[in-house]
Amino acid sequence: MSGIYDDKSFFCDYAKMERSQGLEHSGEWYQLEPLFPALKGLSVLDLGCGYGWHCDYAARQGASRVLGIDESSLMLSEARRRFERPPVTFRQLPILDYEYPEGEWDLVFSNLALHYIEDLAAAFSKVHRTLTRGGVFLFNIEHPVFTAGVRQEFRSDEEGLYWPVRGYFSEGARTTSFLGHSVTKYHHSLSSIVDSLLDAGFSLERLVEARPSVEALRADERLRCELERPIMLIIRCRRT
Ligand SMILES: C[S@@+](CC[C@H](N)C(=O)[O-])C[C@H]1O[C@@H](n2cnc3c(N)ncnc32)[C@H](O)[C@@H]1O
């Protein structure tokens with residue numbers, strides 16, 4: 001048993017989310033996909049791979065070797081059932097416990113898992129070490145504006161909906177409600193995320209604050225509130 005994703009009731013609720021149905025069902029994919037390097041022949045490590053959607057994507061794009069790691073046995077059993085075949089393999093272990101061999105991977109990827117890590121600086125320096133020279137680190141983390149407060153919900157006043165940002169500079173654990181379950185994540189300020197990357201030796205290439213696409217907004221009016229604040233922060237950087 002490790003973490004909320006091994007709680008059966010949470011796992012079932014997570015499975016029902018729209019984004020759990022595949023990459024095209026996650027609102028950020030249209031902004032994330034163009035940031036991948038050309039994957040043909042690359043070795044790819046996915047941190048907190050969940051069901052393994054991005055591992056499968058990398059394999060379909062021609063990656064030569066793909067390893068997904070995740071601490072949850074329930075998530076990994078889904079990943080194995082769906083996608084474990086060459087060149088994709090999975091391992092069950094916490095992100096910080098992987099060995100991160102020097103110069104092993106051309107791309108290290110992580111989608112919506114790093115906000116579960118308290119010591120981001122440690123994770124970034126391990127990732128830096130395990131990348132080949134010129135290798136890319138591409139990740140999507142919950143945005144600091146979203147993670148700052150404990151009550152992650154909109155409020156409204158006479159001007160309409162707004163998102164309260166509390167305790168921005170108090171970094172650390174936040175126990176919030178996600179899918180009706182109590183979940184602990186870690187809030188890191190934008191400067192501490194970027195400084196930790198630069199301190200680890202990365203060159204920053206892209207920083208994207210994810211937002212719904214024009215098409216998604218056209219198709220679903222309810223997404224308009226997502227323009228009030230970003231939920232996700234996508235960063236691409238490189239070991240030079
Ligand atoms: C929101 S899901 C995202 C899954 C997948 N990356 C995706 O985008 O479909 C977060 C995943 O991170 C994993 N996770 C959270 N903390 C972790 C840790 N410390 N070590 C390994 N996996 C972790 C969870 O088990 C879960 O599968």
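Which residues come nearest to the ligand? I looked this up in a predicted model. The shell around the ligand holds 18 residues, and G48, G50, S72, N111 and Y116 are the ones that come nearest.

I then sorted the shell by class. I found 11 nonpolar residues, five polar and two charged around the ligand.

Next entry: overall form. I counted eight helices and 11 strands in the chain. The C-alpha trace spans about 55 × 40 × 40 Å along its principal axes. I checked the radius of gyration against the globule rule: a compact globule of 240 residues would have a value near 18 Å, and the chain agrees because its own value is 18 Å.

I find 36% of the 240 residues buried. For contacts with a separation of 6 or more, I note that 64% join residues 24 or more positions apart.

Next entry: the core. In soluble globular proteins, nonpolar side chains tend to be buried together. Here I looked up the largest nonpolar core, which has 53 residues. Within this core, V44, L107, V108 and F137 touch the most other members.

Last entry: V108. I listed what V108 touches, leaving out residues up to four places away in sequence. The list reads L45, L47, V127, T130, L131 and F137. F137, one of the residues V108 touches, is also named with V108 among those that touch the most other core members.

How values were computed. Residues are numbered from 1 along each chain as its sequence is written. This is a predicted model: local features need pLDDT of at least 70, side-chain atom pairs count only at pLDDT 80 or more; totals for chains, interfaces and linings use all residues. Helices (H or I, at least four residues) and strands (E, at least two) are DSSP runs, numbered from the N terminus. The radius of gyration is taken over C-alpha atoms; the globule rule is 2.2 Å times the number of residues to the power 0.38. A residue is buried if 20 or more other C-beta atoms lie within 10 Å of its own, exposed if 12 or fewer, and partly exposed in between; C-beta atoms are placed from the backbone. Two residues are in contact if their C-beta atoms, placed from the backbone, lie within 7 Å. A residue is near a molecule or strand if its C-beta atom, placed from the backbone, lies within 6 Å of it. Ala, Val, Leu, Ile, Met, Phe, Trp, Tyr, Cys and Pro count as nonpolar, Asp, Glu, Lys and Arg as charged, and the others, Gly among them, as polar. A nonpolar core is a set of buried Ala, Val, Leu, Ile, Met, Phe, Trp, Tyr and Cys residues joined through C-beta atoms within 7 Å.
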